[in-house]
Amino acid sequence: MTTTIPAPGTRTAEGSALQAVLLDMDGTLVDTEGFWWDVEVEVFAGLGHTLDDSWRHVVVGGPMTRSAGFLIEATGADITLAELAVLLNDGFEARIERTLPLMPGASRLLAELAAHDVPAALVSASHRRIIDRVLTSLGPQHFALTVAGDEVERTKPFPDPYLLAASGLGADPARCAVIEDTATGVAAAEAAGCHVVAVPSVAPIAPAVRRTVVTSLEEVDLPFLRGLMAITAN
């Protein structure tokens, strides 16, 4: 876990039960879920294997150990998990050097949270080297802390990353709003006891208790997030 500005501790959003907003990265703030799949296809093509497009839904949103491990097993590729992780991270980093599109509404939402002193954390299954590269485009000043997938023993779909982020912000997970784009991330956030706003990127996500589904971050603002907390409290 890396703290990019001093953790705000007990600072809360005035006038609501919302204490912090915890945000996923790939597919939520930056339009990169497709990048990962493209890189996986290219890397395995170089190893002499063709990936089945149906596998995309299996690997999306999960930690690299799970997705890369699945692809090695499915293809029978002669490569270790550690070797494949290096190739995938190298390929992804090269791709985002060329372009790194933000999701619609991402910049506006981050600026709004900062303007109202609502603590935000970036919580990703991506490795630290990738998060730090993406932060240059998102703006590190928008996040009180960041949690990378290679910094926790159990990453998504386990609750650990979100519990760590909430603890680092001095917030109650039940009073945190999490914004996610995949079922894996939603499972992690809900297991941590957070209220989830799902913005599906690759596969559909159904609404549920303490889970609100929207089509775009453009539908999400601070009054919206505070309203979710108020509904939960009633």
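Tutor: Helices here are DSSP runs of H or I with at least four residues, strands are runs of E with at least two, and both are numbered from the N terminus. The model is a predicted one. On this numbering, one loop runs between α5 (106-115) and β2 (120-123), and D117 lies in that loop. D117 is not a glycine, yet its phi is positive, near 55°. Another loop, between β3 (145-147) and α7 (160-168), holds P157. There the peptide bond joining K156 and P157 is cis, with omega about 15°.

Helix α1 covers residues 33-46 and helix α4 covers residues 81-98; their axes come within 9 Å and cross at roughly 125°. Because of that angle, α1 is oblique to α4: angles of 65 to 115 degrees would count as roughly perpendicular, and those over 145 as roughly antiparallel. The crossing in which α1 passes α4 is right-handed. On the α1 side, the contact is made by F35, W36, D38, V39, E40, E42, V43 and F44, while α4 contributes L84, L87, L88, N89, G91, F92, R95 and I96. Sorted by class, this contact of α1 with α4 comprises 10 nonpolar residues, two polar ones and four charged ones. In summary, α1 and α4 meet obliquely in a right-handed crossing.

Note on methods: Residues numbered from 1 in each chain as written. Predicted model: local features only at pLDDT ≥ 70, side-chain atom pairs only at ≥ 80, totals over all residues. Heavy atoms only, no water. Axes fitted to C-alpha atoms, helices over the stretch in contact; angles between N-to-C directions. Parallel < 35°, antiparallel > 145°, perpendicular 65-115°, else oblique. Left-handed = near helix turned anticlockwise from the far one by under 90°. Contact = heavy atoms within 4.5 Å. Nonpolar A, V, L, I, M, F, W, Y, C, P; charged D, E, K, R; others polar.
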